[in-house]
Amino acid sequence: MVDENENFDFEDTIDQFRSKYFSEKDNLKSISIRGVNAEVYEQFVNKTKDLDMNVGMAVSKMMKDVVDSIEEGFPQISAKVLRPLNKKPLAVIGHENLTVTKQDLIDAANEISFINIKKLSFAPDVDKETFQQYILKIINCQNIRIPNIFPKLVLLSKLQDCKNIDIYEVD
């Protein structure tokens, strides 16, 4: 996860990341790690290439995130720690009436902000995990209709300047 105290911004580019963490050549060190599954390593190498990174950058970023979050208990490590480096969130802006399903969110394969939508509805199939993974912010929306399965504070943390929130029962 991105350290909130670090003020890491989605606008940061790979080049900014490189200059921030790799500006001093003296801090770089070649290491070997025993006991790494070869197939998993190859998959990791391919994914880092897709992100326009090298393995050293990706591992350094993940290790820094672990060190920064170790005080909170064992950190939750996921691929999401690399996503903000080069993938900007999507913004859906200025629609009259929009209904979003779980499949819509999964198909977007990215974090999404909904901005200035008059009526925004989330279908009953949008579960808590999908909501938390894909919904970045809901900003300045007039009417929001959302299933009752989301923790209240998680929901409120994603809302900003929204008017009417209708929380409906899901079977």
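**Exercises on a predicted model**

Ile31, Ile33, Val36 and Tyr41 form a nonpolar patch on the surface, with about 400 Å² of accessible area together. Residues are numbered from 1 along each chain as its sequence is written, and side-chain values use heavy atoms, with hydrogens and water left out. The model is predicted: local features need pLDDT of at least 70, side-chain atom pairs count only at pLDDT 80 or more, and totals for chains, interfaces and linings use all residues.

**Exercise 1.** Describe the largest nonpolar core and the surroundings of phenylalanine 122.

*Solution.* Step 1: a nonpolar core is a set of buried Ala, Val, Leu, Ile, Met, Phe, Trp, Tyr and Cys residues joined through side-chain atoms within 4.5 Å.
Step 1: the largest one has 19 residues, and Leu105, Phe114, Leu120, Phe122, Phe131, Ile138 and Ile144 have the most contacts inside it. Two or more residues come from each of strands S3 (112-115), S4 (119-122), S5 (135-139) and S6 (143-147), and from helix H5 (128-134).
Step 2: leaving aside neighbours within four places in sequence, the contacts (heavy atoms within 4.5 Å) of phenylalanine 122 include Val100, Phe131, Ile146 and Tyr168.

**Exercise 2.** State how many salt bridges there are, and which parts of the chain each pair links.

*Solution.* Step 1: with a side-chain nitrogen of Lys or Arg within 4 Å of a carboxyl oxygen of Asp or Glu as the rule, the count is 3 salt bridges.
Step 1: glutamate 96 and lysine 118 meet at 3.7 Å, N to O. Glutamate 96 lies in the loop between strands S1 (90-93) and S2 (97-100) and lysine 118 in the loop between S3 and S4, so the pair ties together parts 22 residues apart in sequence.
Step 2: in the pair of aspartate 127 and lysine 102, the closest N and O atoms are 2.7 Å apart. Aspartate 127 is in the loop between S4 and H5, and lysine 102 is in helix H4 (residues 102-108), 25 residues apart.
Step 3: aspartate 166 and arginine 145 meet at 3.3 Å, N to O. Strand S8 (residues 164-168) holds aspartate 166 and strand S6 holds arginine 145, 21 residues apart.

How values were computed. Buried means under 20% relative accessible area, exposed over 50%, partly exposed in between (1.4 Å probe, protein chains only). Helices (H or I, at least four residues) and strands (E, at least two) are DSSP runs, numbered from the N terminus. Patches are made of residues with over 30% relative accessible area and no salt bridge: like charges are joined within 9 Å, nonpolar side chains (Val, Leu, Ile, Met, Phe, Trp, Tyr) within 5 Å. Accessible areas come from the Shrake-Rupley method with a 1.4 Å probe; for residues, only the protein chains shown count as cover.
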